[in-house]
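Please read the following report alongside the sequence and the model. It works from the overall fold down to single residues.

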Amino acid sequence: MFKFGIRILPRPEVLDTQGRAVEATLKSLGHSVLETKVGRYVQLSIEAKDIAQAQATAKKVSEEVLCNMLIENFEIEVLK
Amino acid sequence: MRKVGVLRFPGTNCDRDIWHAVEQVGDTPQWLWYQDRFNPKDFDSFIVPGGFSYGDYLRSGALAAHAPVMQSLKEASELGYPIFGVCNGFQILCEAQLLPGVLMRNSHLRFLDTMVDLTVINAHKRFGQKLEKGQKVHMPIAHADGCYYVSDDDLKRIQDNQQIYCTYVRNPNGSVADIAGVMNKNKNVVGMMPHPERAMYEWMGSCDGQKFF
């Protein structure tokens with residue numbers, strides 16, 4: 001079994017409304033925050049014969065379901 | 001009498017309103033359950049109602065877009081059957097890539113529940129065939145994720161191909177180019193955020209919705 005973390009964030013050209021709202025609150029508290037982006041994090045445990053096959057599955061489900069490629073980017077990290 | 005398949009997912013909540021609207025214009029609705037497949041040939045057209053399918057988990061419409069019934073709906077789309085998505089139904093059709101673009105959180109982050117004025121840009125051959133280009137219609141919106149987004153290239157493509165169905169007279173949610181509804185390339189699939197099924201009688205505040213069924 002292989003474990004992955006999928007980090008999903010809005011694309012830079014898309015207005016990140018949640019990030020903007022969080023950023024405004026952080027600034028109002030006096031923190032010197034320049035930029036805030038809000039996305040989501042998904043953990044997957046995948047049954048596969050090797051890591052390459054598991055990674056291919058993680059990429060496929062990220063592109064097809066977890067992420068909408070029109071407005072979001074994702075990064076996959078291997079978890080221990 | 002035309003037979004209209006009405007899709008239901010866990011969390012769909014405008015299904016009975018759509019059912020009533022379909023009956024009111026003299027057509028025969030039939031439920032289509034999200035776990036079931038169907039044969040498109042048994043129907044004349046399909047409607048995906050609004051609501052909060054799968055509790056809006058992941059993204060609005062994202063999980064419903066992969067339910068078994070959507071495989072049959074994709075086959076129906078390829079065969080050219082008319083398909084109409086309203087509100088969450090529009091979000092589902094976008095997530096299923098049956099329509100271009102995606103619906104994001106409203107730019108001001110608030111849930112909107114109000115009446116809006118729309119301009120019909122291009123009529124659909126089945127859903128809204130009584131509408132004329134440039135016609136103004138009045139009906140409710142009720143959504144948090146109604147900000148329509150497409151890339152600049154895709155916007156030009158859908159404009160050039162006359163795929164824009166209707167626009168807001170006053171943009172309530174930050175949608176690109178004031179877009180409230182779009183069609184696919186072949187113009188058999190159409191989706192809109194406003195609720196025509198909630199504007200069927202004068203006591204509802206408008207009966208303009210009748211023209212969409």
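The structure is a predicted model. In chain B, the secondary structure amounts to 4 helices and 11 strands. The C-alpha trace of chain B extends over about 40 × 35 × 30 Å along its principal axes. Because a compact globule with 213 residues would have a radius of gyration near 17 Å, the 15 Å found for chain B agrees with such a globule. Of the 213 residues in chain B, 53% count as buried. When contacts in chain B between residues at least 6 apart in sequence are considered, 74% of them join residues at least 24 apart.

Chain B contains an open sheet of 9 strands with mixed pairing, in the order E2-E1-E3-E4-E11-E10-E9-E6-E7. Its edges are formed by strand E2 (28–33) and strand E7 (136–143) of chain B, each of which pairs on one side only. On average, and with direction ignored, neighbouring strands of this sheet are turned by 25° against each other. Within the sheet, strand E1 (residues 3–8) of chain B runs parallel to strand E3 (residues 45–48) of chain B, the two being joined by 3 bridges, and Gly5(B) stands opposite Phe46(B) in E3(B).

Leaving aside residues up to four places away in sequence, Tyr165(B) touches Ile121(B), Asn122(B), His124(B), Gly181(B), Val182(B), Met183(B), Val190(B) and Met192(B).

The contact between the chains draws on 11 residues from chain B and 9 residues from chain A. On the side of chain B that touches chain A, the residues divide into 5 nonpolar, 3 polar and 3 charged.

In chain A, strand E1 (residues 2–10) pairs with two strands, as the table sets out.

| E2(A), residues 40–46 | antiparallel | 7 bridges | Ser45(A) |

Although Glu77(A) and Lys3(A) are 74 residues apart along the chain, their C-alpha atoms are separated by 8.7 Å. Glu77(A) touches Phe4(A), Gly5(A) and Arg7(A), when residues up to four places away in sequence are not counted.

Two loop residues of chain B deserve a separate look. Gln162(B) is not a glycine, yet has a positive phi of about 55°; Gln162(B) is found in the loop between helix H4 (152–160) and strand E9 (164–168) of chain B. With 12 C-beta neighbours inside 10 Å, Gln162(B) counts as exposed. Asp178(B), likewise a residue other than glycine, has a positive phi near 60°, and is found in the loop between E9 and strand E10 (179–183) of chain B. Because Asp178(B) has 19 C-beta neighbours inside 10 Å, this residue counts as partly exposed.

Notes
Residues numbered from 1 in each chain as written. Chains lettered and ligands numbered in written order. Predicted model: local features only at pLDDT ≥ 70, side-chain atom pairs only at ≥ 80, totals over all residues. Contact = placed C-beta atoms within 7 Å. Nonpolar A, V, L, I, M, F, W, Y, C, P; charged D, E, K, R; others polar. Pairing = 2+ DSSP bridges. Axes fitted to C-alpha atoms, helices over the stretch in contact; angles between N-to-C directions. Rg over C-alpha atoms; globule rule 2.2 N^0.38 Å. Buried ≥ 20, exposed ≤ 12 C-beta atoms within 10 Å, placed from the backbone.
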